[in-house]
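Hi,

Here is the structure I promised to send over.

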Amino acid sequence: MSVQTMQPGARETAAGGPRQRYFYPYADNGGTVVAIAGDDFVVVASDTRLSSGYSIYTRDQKKTFQLSERTILGSTGCWCDVLTMTKVLRARMQMYRHEHNKAMSTGAVAQLLSTMLYHKRFFPYYVSNVLAGLDENGKGIVYHYDPVGHHDPGKCYTGGSGGALIQPLLDNQINYKNQENVTPEPLTVKKTVSIIKDVFTSACERDIYTGDAVAIQVITKDGITEELFPLRRD
Amino acid sequence: MRFTTSTMDLMPLQASQPFDPSKYRYTGPNVQPRQLPNTRSQAPITTGTSVIGLQFDGGVMIAADKLGSYGSLARYQNIGRLMRVNDHVILGCTGDYADFQFLRDIIDQKMIDEECLDDGIVTRAPALHCWLTRVLYNRRSRFDPLWTTFVVGGLDDDGKPFLGFVDKLGTAYTAPQIVSGMGGHLATPLLREKMDGQPPLSEAAARELLIRCMTVCYYRDCRAFSKFQIATLKAGSIKIEDDLEVKGDWEVAHFSKEHA
């Protein structure tokens with residue numbers, strides 16, 4: 001059988017019929033996100049490197065998105081999906097605000113994000129999300145997501161290209177996994193920020209997509225403060 | 001798992017058109033695979049190579065050569081890949097030239113509509129950048145991309161220089177220097193070397209740097225061309241220089257009689 005119009009680059013397969021070149025709708029733009037929750041604060045950090053293949057698009061793009069006074073989302077992965085997903089999420093939060101006359105709580109945002117992600121179950125947002133914020137009692141909470149909306153609350157989570165390098169270290173240091181004869185101490189902001197700087201400097205030694213700087217944001221009941229800590233630029 | 005589809009699965013609950021089950025049999029006796037080819041973009045045809053953009057003190061500057069390549073054939077040697085959108089925005093396009101022309105017509109019409117609306121609101125670079133991102137993302141999400149990468153330049157609402165990138169997936173970011181295409185590998189290091197951690201370049205220094213980058217791209221990019229344009233945008237003025245050419249140093253070229 002013949003095909004009337006052939007696309008350039010299309011060839012017939014051995015069995016006949018056209019074979020098309022394949023457009024791949026995703027890209028991996030790299031980046032790492034970490035969030036750690038304390039009793040009355042949350043620290044969210046992301047590196048600021050946006051990449052494509054072996055190129056760096058920019059050294060100044062943080063992966064965190066402030067959704068409200070007390071909730072920050074860290075999103076990394078396919079940057080086009082990140083931009084779209086956060087835009088839609090912010091719009092949905094505005095709609096909630098108009099309908100309920102109050103801002104969305106962190107738990108509500110967590111559920112909404114999950115639903116939004118699952119809605120695109122068959123053409124997912126290729127994004128690693130880490131949602132962090134203060135719950136209604138002012139206690140810190142972190143949620144981690146897979147690309148299709150499974151989410152889990154916890155004390156500290158990572159996401160992105162360097163996530164696998166950092167998560168085990170945090171499991172040990174924050175959750176005291178595999179440590180014996182240790183008395184857990186409550187986390188302070190200072191200690192947490194110090195740990196964040198250490199884990200990022202370590203991750204960017206081995207992960208090419210992590211580096212340049214880490215933007216560290218601390219959410220407390222008094223507001224959100226931000227610090228930019230430089231990292232290796234290679 | 002079911003691999004067969006019953007026509008019941010495909011019938012819409014509310015039919016807006018007559019439903020023809022014979023079109024939907026994918027398996028069974030004497031079923032021919034669909035003859036029609038996929039008409040969505042799978043490959044760009046006539047393409048433009050790099051666009052180089054940088055910010056300077058008080059404005060932005062974008063350069064692109066004037067070649068439309070047809071694969072490896074340097075087919076159209078006098079096409080403009082830079083565009084003046086309105087008094088406040090310029091842009092350059094890498095990739096499929098037909099897709100650029102398509103969007104160019106739409107953007108031009110948008111500007112006409114805005115002029116007619118006459119409500120004092122004018123599209124600035126961040127707004128056009130955002131709109132382009134949405135358009136390109138939605139096309140990629142339909143698996144029918146506009147196979148183009150845009151560099152959008154202008155001043156933002158605070159009057160500060162703005163330079164934005166959008167690719168065919170809808171990936172977007174802003175930076176003091178943006179290069180699309182092959183020049184991303186060739187020119188970006190040259191731009192960053194001169195601009196990182198330095199005070200903003202003067203217009204003259206920026207132009208010199210841009211021409212140096214265009215020269216390097218001409219030497220090293222197989223799909224580049226010597227004739228190029230530069231568009232410069234400052235507060236209140238846009239200038240597009242159209243007759244620039246990379247002469248280059250061909251001293252090493254012993255094939256040429258001039259240098260024998």
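To start with a term: a disulfide here is a pair of cysteine sulfur atoms within 2.5 Å. By that rule the structure holds zero disulfides over all chains. The sulfur of Cys78(A) is 3.2 Å from the closest cysteine sulfur, the one in Cys80(A), and therefore too far for a bond. Cys80(A) is likewise in no disulfide, with the sulfur of Cys78(A) as its nearest at 3.2 Å. Cys78(A) counts as buried because its relative accessibility is 0%, and Cys80(A) counts as buried at 0% too. (Buried means under 20% relative accessible area, exposed over 50% and partly exposed in between, with a 1.4 Å probe and protein chains only.)

Before you read on, this is a predicted model, in which local features need pLDDT of at least 70 and side-chain atom pairs count only at pLDDT 80 or more, while totals for chains, interfaces and linings use all residues. Residues are numbered from 1 along each chain as its sequence is written, chains are lettered from A and ligands numbered from 1 in the order in which they are written, and side-chain values use heavy atoms, with hydrogens and water left out.

Now the helices and strands, which are DSSP runs numbered from the N terminus (helices H or I with at least four residues, strands E with at least two). Helix 3 of chain B, residues 125-141, has 17 residues and reaches 24 Å from its first C-alpha to its last, close to the expected 24 Å. That expected span is 1.5 Å times one less than the number of residues. Buried residues in this helix include Leu128(B), His129(B), Leu132(B), Leu136(B) and Arg140(B). Phe143(B), which follows helix 3 of chain B, has a positive phi near 55 degrees.

Most residues other than glycine have a negative phi. Asn181(A) has a positive phi near 55 degrees; its place is the loop between helix 3 (163-173) and helix 4 (189-206) of chain A, and it is exposed, with a relative accessible area of 81%. Asp118(B) has a positive phi near 50 degrees. Asp118(B) lies in the loop between helix 2 (97-117) and helix 3 of chain B and is exposed at 64%.

On to strand pairs (two strands pair if DSSP finds at least two bridges between them). In chain A, strand 10 (residues 140-145) and strand 11 (residues 151-154) pair in the antiparallel sense over four bridges, with Tyr143(A) opposite Pro153(A). This hairpin has five residues between the strands, and Gly149(A) takes a positive phi near 110 degrees there. In chain B, strand 2 (residues 51-56) and strand 11 are antiparallel over four bridges, and Leu54(B) has Gln177(B) as its bridge partner. Strand 11 of chain B is covered on both faces: Gln177(B) and Val179(B) on one side, and Ile178(B) and Ser180(B) on the other, are all buried.

On a 1 Å grid over the protein atoms alone, a cavity is a set of points where a 1.4 Å probe fits but cannot get out, and a pocket is an open set with protein on both sides within 12 Å along at least five of seven lines; lining residues have an atom within 4 Å of a point. Grid points are joined across faces, edges and corners, and a volume is the space filled by probe spheres set on the points.

The largest pocket has a volume of about 880 Å³. Its lining has 39 residues, and Tyr57(A), Thr149(B), Ser180(B), Gly181(B) and Met182(B) lie nearest the centre. Helix 4 of chain B gives the most to that lining, five residues.

The second largest pocket is about 670 Å³. It is lined by 26 residues, with Gln61(A), Leu83(A), His129(B), Tyr173(B) and Thr174(B) nearest its centre. Elements giving two or more residues to this lining include helix 1 (79-100) of chain A and helix 3 of chain B.

There is one cavity of 30 Å³ or more, and the largest cavity holds about 50 Å³ of space. Among the residues lining the largest cavity are Thr49(B), Asp65(B), Met214(B) and Phe225(B). Helix 5 (residues 203-220) of chain B supplies the largest share of this lining, three residues.

Cheers
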